[in-house]
Amino acid sequence: MFKKITFILVLCWLAACVEPFKTLSGKSLEKLVIEATLTDEDIPQKIRISKSIDKDDVSFSEGVDDLQVKLIVNQKESFLFEAVGNGFYLLPSSFRAKAGNIYQLIFQKTDGTKYQSNEQIMPQPIGKSKFHDLFSSRGIEQGGKQIPSNDVYADFQDSPTEKNYYTWSWKLWERQFVCHTEYSVDYYCNQNCWEIIQNPTWNIYSDEYSNGKLVSNKLIAQIPYYQTLGALLEIKQLSITEDAYKFLKMLVDQAERTGTLVDTPPAAIIGNVKNLTKKEEPVAGFFMVGSANTVNYWLDRKNVPINISPIGLLGRKPNPNNFGATFACIEGPTRTPQKPKGWVD
């Protein structure tokens with residue numbers, strides 16, 4: 001079953017951080033939000049703690065930088081996080097999460113208020129998936145229209161010895177040739193440039209009905225047919241704990257009832273982090289750990305019929321300026337001049 005969850009993407013994939021949805025309504029309200037997923041990957045492990053503020057029907061997020069944050073391993077070993085700005089906290093570079101270890105997040109405000117997550121046990125490593133994609137001329141509903149897409153599927157062997165819970169996410173690099181748009185006029189890039197697009201949906205999966213079996217043709221991503229050129233797709237599969245799955249399942253179910261998570265939710269969904277000083281304070285988000293399998297998949301788009309037109313990275317065809325002016329490709333979360341590792345020329 002293809003479960004999906006739509007949310008505002010503020011993902012920090014250096015740490016595989018999940019952006020939980022904001023659960024505020026009313027006037028001048030604020031709530032702590034935890035974005036914290038630790039993985040067993042050999043990459044920097046970073047989390048974010050922020051305030052979700054809703055004032056006069058305008059919502060925004062503000063990082064909280066003055067916290068003392070630590071990670072407790074197996075109820076005895078402690079690792080301090082370093083504050084690096086905008087609510088982000090980084091573990092020491094030597095830290096590596098391991099399967100079977102117990103992890104708990106604890107942090108404290110300057111006034112002594114203490115917060116603590118429940119304990120999360122890192123799942124066992126998961127086997128590598130095999131991926132393939134099929135072209136669909138009416139793959140995705142967008143703005144009341146059906147747009148073409150490359151649908152990506154996974155085949156993987158589920159473990160027969162334990163219950164397993166999974167999530168999938170992806171990051172896409174597309175060649176970008178327009179680096180600035182002003183008054184509906186486009187300016188081409190004066191250097192190599194790549195657009196970075198991250199999944200607007202998250203898949204979750206339980207092996208309740210497939211325990212120990214080969215899972216085939218699990219739909220994990222639908223990539224809009226932006227252009228005829230090939231693109232690089234990074235796919236991340238996480239094996240997560242049961243309570244992390246249940247939390248994501250609640251978000252999925254609420255999204256199905258309300259349309260999308262951008263809509264104002266009817267009720268707050270609270271995660272596994274509690275205020276030990278003021279127990280009635282709701283804290284949004286979830287601290288989870290996951291065993292990761294991350295692969296690069298080259299989307300060559302050779303399976304697209306010649307009579308199907310791409311939608312364009314701008315959602316339209318470029319409208320170039322008449323003066324020959326160009327713009328630089330500015331490094332940022334959605335664009336980079338740096339050639340991505342695994343790119344095929």
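Author: Let us begin with terms: helices (H or I, at least four residues) and strands (E, at least two) are DSSP runs, numbered from the N terminus, and two strands pair if DSSP finds at least two bridges between them. This is a predicted model, in which local features need pLDDT of at least 70, side-chain atom pairs count only at pLDDT 80 or more, and totals for chains, interfaces and linings use all residues. Residues are numbered from 1 along each chain as its sequence is written, and side-chain values use heavy atoms, with hydrogens and water left out.

Reader: Okay, which residue takes a positive phi in the hairpin of β5 and β6?
Author: That is N74, with a phi near 55 degrees, in a hairpin that has 3 residues between its strands.

Reader: And how do β5 and β6 pair?
Author: They are antiparallel over 4 bridges, β6 being residues 77-80, and V73 has E77 as its bridge partner there. With β9, β5 also pairs in the antiparallel sense, over 6 bridges, where Q68 is partnered by Q108.

Reader: New topic: which residues touch the most other members of the largest nonpolar core?
Author: L71 and F107 do, in a core of 26 residues. A nonpolar core is a set of buried (under 20% relative accessible area, 1.4 Å probe, protein chains only) Ala, Val, Leu, Ile, Met, Phe, Trp, Tyr and Cys residues joined through side-chain atoms within 4.5 Å.

Reader: Which element gives the most to this core?
Author: β2 does, with 4 residues.

Notes:
Buried < 20%, exposed > 50% of the residue type's maximum accessible area, 1.4 Å probe, protein only.
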